[in-house]
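Here's a quick walk through a protein model, heading by heading. Keep the viewer open as you read.

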Amino acid sequence: MALPFQMRDKRRRIIAVRAYADSDYPDLIEMYDSFEPKGLEAGLPPPDDVTRHKWIDQIVSSLFNVLAFHGGRVVGHAGLDISDLSGCPEYLVFMKQGFRNFGIGTRLSETMKEVAKGAGCKRIWLTVRTGNTCAIRVFKKVRFKFKGEISVEREMELILRKEMQ
Ligand SMILES: CC(C)(COP(=O)(O)OP(=O)(O)OC[C@H]1O[C@@H](n2cnc3c(N)ncnc32)[C@H](O)[C@@H]1OP(=O)(O)O)[C@@H](O)C(=O)NCCC(=O)NCCS
């Protein structure tokens, strides 16, 4: 799926999707400052301001990031470390309140799956709370599967390239 692109969400709003640029930094900070829920589990944005801003700095310096915009404001973010030498980077995706359940997170995830394939990743993975059935629905639609132990948090993985025997 080629970037950039535009889509209409399920409310017919025009959503622009493109790769992150340095000039987007203040808007990304703003999205995460007002983001809920924050948390310490399953990769949610850290509640503490200093820790969260360091977390964002780490994301923009080491991941390939894609943003979704509405009316010029950042309403969604997906990231993947495509330079990860293991070829198995962690995937993250967040939609701002008011923009969830409108089809945007699925499109971002489909896009990042193609980005990962194009970068030669073997697999991508994430951690999700088992109660987060909306997120699990999205990841399953993109063909992520559960892996490992059953617990309140679970790993899901998406195999992109089979190892040669
Ligand atoms: C998880 C998240 C990224 C998904 O993005 P999104 O744009 O809301 O998802 P979409 O609208 O593309 O798809 C949601 C799907 O879940 C379904 N869904 C909604 N609520 C659901 C629920 N409670 N249980 C199961 N499925 C649900 C929707 O019907 C839709 O499926 P469909 O397209 O087949 O009808 C977004 O909701 C989000 O940021 N949530 C808060 C943070 C978070 O949980 N991040 C993930 C951490 S691992």
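## Salt bridges

How many salt bridges does the count come to? With a salt bridge taken as a side-chain nitrogen of Lys or Arg within 4 Å of a carboxyl oxygen of Asp or Glu, the count comes to nine.

This is a predicted model, so local features need pLDDT of at least 70 and side-chain atom pairs count only at pLDDT 80 or more, while totals for chains, interfaces and linings use all residues. Residues are numbered from 1 along each chain as its sequence is written, and side-chain values use heavy atoms, with hydrogens and water left out.

## Two bridges to look at

R73 and E30 join up through their side chains, 2.4 Å from N to O. Since R73 sits in strand β4 and E30 in helix α1 (residues 25-33), the pair ties together parts 43 residues apart in sequence. (Helices are DSSP runs of H or I, at least four residues; strands are runs of E, at least two; both are numbered from the N terminus.) R73 is partly exposed at 48% relative accessible area, and E30 is partly exposed too, at 34%.

E157 and R123 make another salt bridge, with 2.7 Å between the closest N and O atoms. Both E157 and R123 are buried. (Buried is under 20% relative accessible area, exposed over 50%, partly exposed in between, using a 1.4 Å probe and protein chains only.)

## The sheet

Five strands form an open sheet, ordered β1-β2-β3-β4-β5 with antiparallel pairing; strands pair if DSSP finds at least two bridges between them. β1 (5-8) and β5 (91-95) are the edge strands.
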